[in-house]
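Visitor: Hi! Could you walk me through the aromatic contacts in this one?
Guide: Happy to, let's bring it up.

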Amino acid sequence: MIREFTADGDRLDVVLSRDGELTRSRAAALIKEGCVTINGRKEEKPSAKVTPGEKILLEMPEVKPSRAEAQDIPLEILYQDQYLAVVVKPCGMVVHPAAGNDDGTLVNALLYHLDSLSGIGGEMRPGIVHRLDKDTSGLMLVAKNDQTHAALSDQLANREMEKHYRAVVYGKMKEPTGEIEKPIGRSKNDRKKMAVDLDGRWAKTEWRVLKEYPDRTLLDVHIITGRTHQIRVHMASLGHPVLGDVLYGHKRMPNTSRLMLHAYSLAFTHPGTGERMQFTSPCPFADE
């Protein structure tokens, strides 16, 4: 389906979302995917200014049904209604099927346990609003329809969703609280890793000491942004990598049974009711 918009001198993503059919974050995603042209020229920058009189066309991609298969995999569901679900992803589970992980993922479990999932995430990521690393456990929010998915994505983009983690890091912190504001980008030396990079995307993490041990510290970590590997990269940049992190840690760290990172609490506004909701998942390693 192709939709036409009237340019009025504002940002492109603002123009596409003004009629309420699309959220601004969804409009920005479609622009980045190459679905928008201005006077026949493809534009992939959501911030691009459009001049009155220019012809803007949006080609809405067809939402394809998921090709991932439902699998009877145990899954802890804390809450669900007709709009969304809140689940607890276990450590070691991949979120969605990909090369080398064709099944046994969270998506396979969701397809079995839930009656519906949004299609915006694509064929292999139905319902997935945000992700957790394979070895990070904890709370995840799942959308059951496209309207809910778009609304929740908008909350993420506008930093209206609050997420706290529990992390056990190497060593002792010098202060009881702190914040890290360092840009993160793909590592230039190892494409599998992220790194603090002045050319990367702005990222901010706040932390607070909960308990100290002789060689480690339990932290509450609040992420203001949601960059890939953000907590792991930021804590490692302070010299306090997350225990069990084979990617960003070092040989001096004590051995642990797993990556000591858990998505502990999640707060958001319910798109259907407007109610502010908060969920917690007990930390599985707080006393290790």
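Visitor: Let's start with Phe279: buried or exposed?
Guide: Phe279 counts as buried, with a relative accessibility of 14%. Keep in mind that this is a predicted model.

Visitor: Which ring is stacked with Phe279?
Guide: That's Phe268. The ring centres of Phe268 and Phe279 are 6.1 Å apart and the planes are at 15°, under the 30 degrees cut-off, so the pair counts as stacked.

Visitor: And where do those two lie in the chain?
Guide: Phe268 lies in strand β14 (residues 261–269) and Phe279 in strand β15, so the pair ties together parts 11 residues apart in sequence. Phe268 is buried, at 0% relative accessible area.

Visitor: How many aromatic pairs are there in the structure?
Guide: There are 2 aromatic pairs. One of them joins Tyr79 and Phe279 in a tilted arrangement, 5.6 Å centre to centre with 45° between the planes.

Visitor: How far apart in sequence are the parts that the Tyr79 and Phe279 pair ties together?
Guide: They are 200 residues apart, because Tyr79 lies in strand β5 (residues 76–80) and Phe279 in strand β15 (residues 276–280). Tyr79 is partly exposed, with a relative accessible area of 26%.

Visitor: Which residues form the aromatic cluster?
Guide: Tyr79, Phe268 and Phe279 form one cluster.

Visitor: Switching topic: which charged end sits over the ring of Tyr264?
Guide: That of Arg166, at 3.7 Å from the centre of the Tyr264 ring.

Conventions:
Residues are numbered from 1 along each chain as its sequence is written. This is a predicted model: local features need pLDDT of at least 70, side-chain atom pairs count only at pLDDT 80 or more; totals for chains, interfaces and linings use all residues. Side-chain values use heavy atoms; hydrogens and water are left out. Rings of Phe, Tyr and Trp (its six-membered ring) pair if their centres lie within 6.5 Å; planes under 30 degrees apart count as stacked, over 60 as edge-to-face and the rest as tilted. Helices (H or I, at least four residues) and strands (E, at least two) are DSSP runs, numbered from the N terminus. Buried means under 20% relative accessible area, exposed over 50%, partly exposed in between (1.4 Å probe, protein chains only). A charge sits over a ring if NZ of Lys or CZ of Arg is within 6 Å of the ring centre and within 35 degrees of the ring normal.
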